[in-house]
Amino acid sequence: FDVRVAGCYSATDRDEIYAAIGAIYLRGGTDGLDAFNHMVRTQLKEQVLQQVSGSTTLYSSLLFLMLPAFCLLLGVSAWCRETSTFTQGIFFMFAWSYLL
């Protein structure tokens with residue numbers, strides 16, 4: 001990442017954005033744009049990767065937990081196609097009474 005390479009609609013906007021970033025990140029005689037680039041490449045990158053990896057872990061855990069229910073649903077739907085309506089009704093009445 002380099003802020004100097006980032007696209008901007010207007011040259012005037014670009015100059016104002018560079019000036020604002022430079023003023024905010026100017027420290028110890030270093031160029032503010034270079035300091036901003038360093039922050040994006042290090043701190044921001046770490047934070048984004050932590051959030052993405054955390055959400056990926058959550059998603060994979062949910063997927064793992066929901067897999068048995070999904071397989072059961074597929075099995076029941078396949079069974080429903082093969083059996084008569086009467087048998088399905090008896091089964092679902094039994095299952096409903098079991099859940100209550």
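Predicted model: local features only at pLDDT ≥ 70, side-chain atom pairs only at ≥ 80, totals over all residues.
## The core

The largest nonpolar core here has 9 residues: V3, Y18, I21, Y25, L33, A35, F36, M39 and V40. (A nonpolar core is a set of buried Ala, Val, Leu, Ile, Met, Phe, Trp, Tyr and Cys residues joined through side-chain atoms within 4.5 Å.) Both α1 and α2 give two or more residues to this core, and α2 gives the most, with 5 residues. Helices are DSSP runs (H or I, at least four residues), numbered from the N terminus.

Take a look at F36: skipping residues up to four places away in sequence, F36 touches F1, V3, I21 and Y25. Touching, or contact, means heavy atoms within 4.5 Å.

Residues are numbered from 1 along each chain as its sequence is written, and side-chain values use heavy atoms, leaving out hydrogens and water.

The protein chain has a mean pLDDT (the predictor's confidence in each residue, from 0 to 100) of 80, with 94% of its residues at 70 or more.

N37 sits in helix α2 (residues 32–82) and is buried, with a relative accessible area of 2%. Buried means under 20%, exposed over 50%, and partly exposed in between (1.4 Å probe, protein chains only). Beyond its neighbours within four places in sequence, N37 contacts F1, D2, V3 and R4.

F70 is in helix α2 too, but F70 is partly exposed, at 48% relative accessible area.
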